[in-house]
Amino acid sequence: MKFLAVFSLAATLAAQSLDPALLLKPLSNDWPTYSGDYSGKRYSALTQINQANVKNLSLAWVTRMTAGMGAPGGGFGRFGAAAVPTIVGGEGSAELAASFGNNVNIRASMLVVDGKIYFSTPDNAWAVDARDGRVIWHYFWKTKGGTHIGNRGLGMWGKWLYMETPDDYLVSLDAATGKERWHKQIADFNQQYFSTMAPIVVGNHIIIGTGNDLDAPGFVQARDPETGDVQWTSYTVPMKKGDPGLETWGTLEGARVGAGNVWIPGSYDPETKLYIFGTGNPSPSYTNPKSRDGDNLYTCSLVALNVETGKMAWYYQLNPHDTHDWDSSETPILVDGEFKGKPRKMALHADRNGYFYVVDRTNGEHLLTSKFSDTANWVKEINAKGQTIRDVKKDSTVPGSLVSPNNYGATNWPPAAYSPDTGLFYVPQSDTYAMYYLTETDPRGAMGLGGKDEQMVASMGSYLTAIDYKTGKIAWRHRYPGVGGAGGGNGILTTASKLVFAGDVSGNLVSYDATNGKILWHARLGNITNAPQTYMLDGKQYLLVAAGDSVYAFYLQ
């Protein structure tokens with residue numbers, strides 16, 4: 001059986017588009033996974049675009065995408081090539097599908113492999129020529145419905161692509177043609193799960209996650225890349241008597257419906273074979289029923305799983321007994337560096353709750369907690385474990401509680417970045433205040449995110465913030481014009497030429513000096529909807545980003 005498995009893999013590699021070994025290397029010419037490489041740094045070794053010449057960036061091409069079942073494959077590249085037919089899959093009806101999946105808002109991290117760009121929106125996937133933006137194929141999934149809040153991107157293994165759908169299927173596509181190989185159910189759609197995560201490929205494991213905003217348990221799964229069959233499942237909450245962490249819930253039933261959604265990809269440490277990811281809030285989110293009396297493990301936590309078995313190696317709960325829907329889902333960044341005079345293997349995490357954390361990624365040992373949002377006002381104390389403990393007066397109340405940050409958080413899903421050249425962690429930030437009103441005192445009427453009303457009352461500004469991980473102190477902060485916006489843009493890229501790229505709240509794609517935040521270049525595109533990326537093709541370095549329904553590529557002429 002082992003011989004057959006090796007033979008099968010060799011046969012796949014012979015005709016593949018992505019060499020799995022590429023995923024183990026630092027980010028360079030291609031962009032083969034969600035964060036570029038397994039570390040989550042979003043740090044590219046490319047240096048053709050540098051501080052001296054970034055001002056000369058010019059538009060290489062732009063392509064506007066058209067989604068939906070009847071779409072002719074999506075827009076046109078710079079040469080106006082004819083649109084391609086749409087490939088249709090899925091189990092929903094044509095009538096129902098027509099009411100979903102037609103709006104294009106590209107939030108996905110794009111894969112760039114062998115001269116092709118692959119990306120997705122809910123119910124849609126595309127392949128685009130990385131040289132000129134020409135659409136190669138378009139795939140549309142006929143959905144059964146569900147929450148179409150966003151799709152974080154595709155995963156790739158050999159010559160196959162993998163996509164999660166809002167109605168909870170894992171779909172495998174042929175990267176060359178866009179034709180569907182198979183689709184497998186991830187979760188029960190009738191329990192109101194919805195799936196948005198970009199699959200992460202580790203060896204022969206397709207790592208996926210899902211959850212919902214009601215009363216079902218979140219989980220992570222590993223799937224076989226050839227068949228889609230389940231290899232293991234790891235729930236983020238205790239599911240039976242005797243499970244570790246059950247004592248942190250009021251009841252077993254409360255734990256079993258306790259959420260802990262998994263909707264953003266994690267990072268992978270090849271040395272320890274640990275997949276490290278963040279989990280979402282407990283449920284019900286805003287009330288304090290007896291069913292979740294305690295810290296509510298393993299919600300709002302960093303969790304490390306053995307990628308071969310799915311067994312938990314360690315956890316660190318950042319935000320015990322969350323009552324504000326501040327998911328800790330943000331992708332952790334894995335860094336090797338010095339901490340207090342000793343070499344450390346670390347995971348860095350800026351949380352939606354306004355605090356920055358550093359833990360040892362080999363065992364989950366807490367190293368540092370610091371406040372990066374000046375306005376965050378909900379913490380009563382930081383305990384001996386470095387955990388932020390809430391002030392119960394800042395829970396949702398009937399007369400209302402003034403809380404910072406608001407529900408969106410001081411940061412959110414848009415990915416942070418890290419530069420080993422500067423030692424700085426870069427994060428989009430937003431300082432806000434909201435009134436949290438408790439509208440349902442009976443927890444039976446406050447499932448999921450229900451039972452409260454939130455009124456935004458003030459924004460103190462949005463920023464690109466650089467944090468020194470060794471001290472937790474702000475190295476520099478660039479304030480965006482005005483006081484509006486949430487999170488300060490949609491993710492960050494940094495490069496070995498000491499550049500940082502990010503979208504601002506005014507619709508600009510901006511390049512900064514990574515050492516001090518000085519603006520070096522900008523282009524106004526409209527609302528930037530994903531994190532900038534970069535790749536090298538035919539001897540030219542490209543800068544890639546999406547704004548709503550359009551994909552833009554820049555290069556040096």
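Is strand E7 (residues 135–142) mostly covered or mostly uncovered, and how many of its eight residues are buried? Strand E7 is mostly covered, with six of its eight residues buried, where buried means under 20% relative accessible area, exposed over 50%, and partly exposed in between (1.4 Å probe, protein chains only). Helices (H or I, at least four residues) and strands (E, at least two) are DSSP runs, numbered from the N terminus. The model is predicted, and local features need pLDDT of at least 70, side-chain atom pairs count only at pLDDT 80 or more, and totals for chains, interfaces and linings use all residues. Residues are numbered from 1 along each chain as its sequence is written, and side-chain values use heavy atoms, with hydrogens and water left out.

Strand pairing is described next, two strands being paired if DSSP finds at least two bridges between them. Strand E3 (residues 86–90) runs parallel to E7 and is joined to E7 by five bridges, while E6 runs antiparallel to E7 and is likewise joined to E7 by five bridges. Phe 140 of E7 is the bridge partner of Val 88 and also the bridge partner of Asn 124. The hairpin of E6 and E7 has five residues between the strands, and in this hairpin Gly 133 takes a positive phi near 80°.

Trp 141 is also found in strand E7, and Trp 141 counts as buried because its relative accessibility is 0%. Between Trp 141 and Gln 429, which are 288 residues apart in sequence, the C-alpha to C-alpha distance is 34 Å.

Asp 114 lies in the loop between strand E4 (111–113) and E5, and counts as exposed because its relative accessibility is 52%.

In soluble globular proteins, nonpolar side chains tend to be buried together. A nonpolar core is here a set of buried Ala, Val, Leu, Ile, Met, Phe, Trp, Tyr and Cys residues joined through side-chain atoms within 4.5 Å. The largest such core has 42 residues, of which Trp 61, Ile 117 and Tyr 535 touch the most other members. Strands that each supply at least two residues of this core include E2 (57–64), E5 (116–121), E6 (124–129) and E35 (533–537). Not counting residues up to four places away in sequence, Tyr 535 touches Trp 61 and Ile 117, and the residues it touches also include Leu 46, Val 112, Tyr 542 and Ala 553. Another core, of 36 residues, lies apart from the largest one, and Trp 182, Ile 206, Tyr 298 and Val 307 are among its members. Tyr 298 is found in the loop between strand E17 (274–278) and strand E18 (301–306), and the peptide bond from Leu 297 to Tyr 298 is cis, with omega near 5°.

Grid points are joined across faces, edges and corners, and a volume is the space filled by probe spheres set on the points. For the linings, Ala, Val, Leu, Ile, Met, Phe, Trp, Tyr, Cys and Pro count as nonpolar, Asp, Glu, Lys and Arg as charged, and the others, Gly among them, as polar.

The second largest pocket holds about 390 Å³ of space and is lined by 15 residues, with Ser 234, Tyr 235, Asp 243, Pro 244 and Gly 310 lying nearest its centre. Strand E15 (residues 230–235) gives the largest share of this lining, three residues, and the lining as a whole divides into eight nonpolar, four polar and three charged residues.

Six cavities of 30 Å³ or more are held in the structure. The largest cavity, with a volume of about 90 Å³, is lined by 13 residues, and Glu 330, Thr 331, Ala 350, Pro 414 and Ala 416 lie nearest its centre. Strand E21 (342–350) and strand E28 (424–438) are the elements that give two or more residues to this lining, the largest share, three residues, coming from E21. The second largest cavity has a volume of about 50 Å³, and its lining includes Tyr 34, Arg 42, Arg 107, Trp 413 and Asn 530.

How values were computed:
1 Å grid on protein atoms, 1.4 Å probe; cavity = no way out; pocket = protein on both sides within 12 Å on 5 of 7 lines; lining within 4 Å. Contact = heavy atoms within 4.5 Å.
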